[in-house]
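Colleague: I am new to this structure and would like to go through it by question and answer. Please show it first.

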Amino acid sequence: MSGMMKAWTFTHGGYPKALQLSDLPSDVRPLKPSEIRVRTKAASINPVDVQLVSYPLLPYLPNFIIPSHKGVGEDFSGVVEAAGSSSGFKPGDEAFGIIPFIPGGTLQEEIQIDTKASVVALKPTDWSWEQAAALPLVWLTARTTIAQVESHVKNGKVAILGGSSSCGMYAVYLARLRGWTVMASCSGRNADFVRSMGASDVVDYTTTSVPERVKAFAPDVVIDFVGGTGCLGIAKSYVTVVGDKTDRLLPGGRHIYLWNPQMLLRALFGRIGLGPSYTCINIEFKSSFLEEVLSLPKDKIILDSTFEFNQVKEAFDRLNTGRTRGKIVIKVTGP
């Protein structure tokens, strides 16, 4: 690869002002033994991408930490065009996976990936590029929450808040796969869909008090993909991806502890036995987790919509409605 490539990047001004289609030099650095160079076929977008574009500190980090034109996207699928000797891949392999959030950048024609820092696997031959690109972040996030709660599920009952979200639907699926009984919250229009992913009981948050129904269900654990505090204290274990916040533009993850002392105290008290177990998780980049998705039935790979590479802004508009069912995927390069 040489010359220039098309890439979606962001600079200053927050979302959506900072998002732009750029011409960048192709990365022609010699590959390290653990690196691969991929021709991107598809990439998907996630709420975290909007949060990163709007994050106030990132535009001001020095270029040696993160480029001035910062990459957008983490999930990808594509064809390996060059591979380091210890990467585990070879030219021509069809791969998919996830790269670190910083510096990020899968919404671009070419990606240079360090397989030590990323999670990459061979794409099943019967999956489309779009299906493969839809899965890594949401599957790994869901799998991380399941790993956090497994030791706390004593009676086989789990409540999942946001069961129709892109991560929540796979937490429902993984919980049911373990034989657990799952109650999930979602809107009424998504109730049948969430049941099809494995929920035994569905709570329509638009018509019903979710905390009351969860309390009556008496779960061992609550897994929260929505945010807020309404269901705190109901179960002996509470795992959240988003913390107390409910604003989609604000970042989630464990670093929220830095500016939310109530969450930090909850986690500390739970750890020393002075309250229920409480954890705000960061996604775990584990190859073993991604390998598990290879057995996912194709009818459980849920795509909300697919956009062309020049329609990324329209794709983000769709994402920000908060009413998607499944992943939004971008076609990056042709066959």
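Colleague: Which residue forms a salt bridge with lysine 123?

Modeller: In this predicted model, local features need pLDDT of at least 70, side-chain atom pairs count only at pLDDT 80 or more, and totals for chains, interfaces and linings use all residues. Residues are numbered from 1 along each chain as its sequence is written, and side-chain values use heavy atoms, with hydrogens and water left out. A salt bridge is a side-chain nitrogen of Lys or Arg within 4 Å of a carboxyl oxygen of Asp or Glu. With its closest N and O atoms 3.4 Å apart, the partner of lysine 123 is glutamate 94.

Colleague: Where do lysine 123 and glutamate 94 lie, and how many residues apart are they?

Modeller: Helices (H or I, at least four residues) and strands (E, at least two) are DSSP runs, numbered from the N terminus. Lysine 123 is in the loop between β8 (119-122) and α2 (129-134), and glutamate 94 is in strand β6 (residues 94-98). The pair therefore links distant parts of the chain, 29 residues apart.

Colleague: Is lysine 123 buried or exposed?

Modeller: Buried means under 20% relative accessible area, exposed over 50%, and partly exposed in between (1.4 Å probe, protein chains only). Lysine 123 has a relative accessibility of 8%, so it counts as buried.

Colleague: How many salt bridges does a search of the whole structure find?

Modeller: Side chains of opposite charge can pair when their charged atoms come close. Another such pair is arginine 29 with aspartate 27, at 2.7 Å from N to O. Glutamate 284 and lysine 286 also meet, at 3.4 Å. The search of the whole structure gives 13.

Colleague: Which residues have the most contacts inside the largest nonpolar core?

Modeller: A nonpolar core is a set of buried Ala, Val, Leu, Ile, Met, Phe, Trp, Tyr and Cys residues joined through side-chain atoms within 4.5 Å. The largest one has 49 residues. Those with the most contacts inside it are Trp139, Leu140, Ile160, Tyr170, Val293 and Leu296.

Colleague: What is tyrosine 170 in contact with, leaving aside its neighbours within four places in sequence?

Modeller: Contact means heavy atoms within 4.5 Å. By that rule, tyrosine 170 is in contact with Leu135, Val138, Trp139, Ala142, Met197, Leu296, Lys300, Ile301 and Ile302.

Colleague: Where does glutamine 108 lie, and which residues does it touch?

Modeller: Glutamine 108 is in the loop between β6 and β7 (110-114). With a relative accessible area of 12%, glutamine 108 is buried. Not counting residues up to four places away in sequence, glutamine 108 touches Met5, Lys6, Ala7, Thr40, Phe309 and Val332.

Colleague: What separates the C-alpha atoms of serine 165 and glycine 322?

Modeller: Serine 165 lies in the loop between β9 (157-161) and α4 (168-177), and at 24% relative accessibility it counts as partly exposed. Serine 165 and glycine 322 are 157 residues apart along the chain, and their C-alpha atoms are separated by 9.0 Å.
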